[in-house]
Amino acid sequence: MANVVVIGAQWGDEGKGKITDLLSKSADVVVRYQGGVNAGHTVVVKDQTFKLHLIPSGILYPDTECIIGCGTVIDPKVLIQELDQLEALGITTQNLLISETAHVTMPYHRLIDKAAEEQRGNHKIGTTGRGIGPTYADKSERVGVRIVDLMNPEGFREQLAWTIAQKNTILEKLYDLPPLSADEVFEEYMGYADRLRPHVVDSSLKIYDAIRRKRNVLFEGAQGTLLDLDHGTYPYVTSSNPVSGGACVGTGIGPTVIDRVIGVAKAYTTRVGEGPFPTELHEEMGALLCDRGAEFGTTTGRQRRCGWFDAVIGRYAVRINGLDCLAITKLDVLDEMDEIKVCVAYEIDGQRCEDFPSNSRLFAQCKPIYETMPGWKRSTEACRSLDDLPKEALDYLKFLAELMDVPIAIVSLGAKRDQTIIVEDPIHGPKRALLYTNGTPQPANV
């Protein structure tokens, strides 16, 4: 039995969807613990591509129970669209459960999100405009709507009348937008409530029961460490906690039941939206990474900013999340490179800095210090074991493992399930894989 948390070790978009999908094969329960429809996971099974925003990746396995935890915020319209799309493709959604205490994204949240971002002008954060931040803000203000509220029509109507009156004042006076009709919103959301009612449960109790019965539980985060509200590159962050600690708060379980934390990182670095990005590449090299990596957001379609691998933020992710091992994705994107650079430290005001600065002003001043490695100039897409990899590619992975002092358990070489090297089972194997000390490989179960 193992309870495992999967997190993004960069700025999100690391390929967590594929890794979660792979690990879900060994999981009995998969739980999404934070974020909303501002996140997106793309999973490719054979020749079919699934784009998920709220529903855990484990839904593609018919015997796996999937839970949307209390730490998420749910746009019921989008969730129902996902349910319909999956069912149309022959994927059963009967095993999907929804936390009754998860908060609900309302129409005014989306309107306020977009209007506020527009007002920021040159100080835009880069929000997706899906209403996620305002939903979490209402949660903190203790005026939010929860799934359980939708299940009580009379109480919801009364709550909505007061809330809409307050939000209409903001919409009209602050953003010069037309008011919403409480009756129309009520009718719309009652339709959603009827559809979702069979899936609504006390999710914390369900998860606790699964753990007591020694079932394998996989906790799935959205976004990435550097977008964490408390530990990311504030203010260019999301509105929740994608780090591993968020799995406890966002599901209602204690930290002592977590057995392992797996980080997912690309073999290079990407970022969507605004904010500092020390290793960002422009012009030809950045365009090449974007093109080969198909770097466009699952949720928004926005082009991702691309850069070399940043081991400083990698070490930070190891520390903040307590990572036991890493999954490195998109190694194949580097196949055509003559040489590959890795940021090993920063220069700040002429001083070398090997640790991630929590001061946002200092981070914006960071200049990358690179070490250069030779490329391998051949395709790795068909590699299925470490022995299949070119020596230069294996050396690159060793170098990353050494820099971050963390083992690598999985190497992904494409979007499909089988384009993967499983160095060691991250759920059932011992806590050691592809770990190198002074350049000497330690034994690992391949």
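What follows is a working chat about the predicted model shown above.

Biologist: What should I know before reading numbers off this?
Modeller: The model is predicted, so local features need pLDDT of at least 70 and side-chain atom pairs count only at pLDDT 80 or more, while totals for chains, interfaces and linings use all residues. Residues are numbered from 1 along each chain as its sequence is written, and side-chain values use heavy atoms, with hydrogens and water left out.

Biologist: Which residues does UniProt list for "binding site"?
Modeller: The unreviewed UniProt entry lists Asp13 and Gly40. Positions follow the numbering used here, feature names are shortened, and annotations may be inferred rather than shown by experiment. The two are spread over 28 residues of sequence but cluster in space, with a largest C-alpha distance of 8.0 Å.

Biologist: Where does Asp13 lie?
Modeller: In the loop between strand E1 (3–8) and helix H1 (16–24). Helices (H or I, at least four residues) and strands (E, at least two) are DSSP runs numbered from the N terminus.

Biologist: And what is Asp13 in contact with?
Modeller: Leaving aside neighbours within four places in sequence, Asp13 contacts Lys266, Thr270, Val272 and Arg304. Contact means heavy atoms within 4.5 Å.

Biologist: Why does Gly40 count as partly exposed?
Modeller: Because its relative accessibility is 22%. Buried means under 20% relative accessible area, exposed over 50%, and partly exposed in between, with a 1.4 Å probe and protein chains only. Asp13, at 26%, is partly exposed too. Gly40 sits in the loop between strand E2 (29–32) and strand E3 (41–45).

Biologist: Switching to Gly71: buried or exposed?
Modeller: Gly71 is buried, at 9% relative accessibility. It lies in the loop between strand E5 (65–68) and strand E6 (73–74).

Biologist: What does Gly71 touch?
Modeller: Not counting residues up to four places away in sequence, Gly71 touches Tyr33, Gln34, Gly35, Tyr136, Lys139 and Gly250. Gln34 is 37 residues from Gly71 along the chain, yet their C-alpha atoms are separated by 4.6 Å.

Biologist: Now the whole chain. How many helices and strands?
Modeller: The protein chain has 13 helices and 22 strands. Of its 446 residues, 58% count as buried. Among contacts between residues at least 6 apart in sequence, 76% join residues at least 24 apart.

Biologist: What is the radius of gyration?
Modeller: The chain has 22 Å, which agrees with the value near 22 Å for a compact globule of 446 residues. The radius is taken over C-alpha atoms, and the globule rule is 2.2 Å times the number of residues to the power 0.38. Along the principal axes, the C-alpha atoms fill a box of roughly 65 × 50 × 40 Å.
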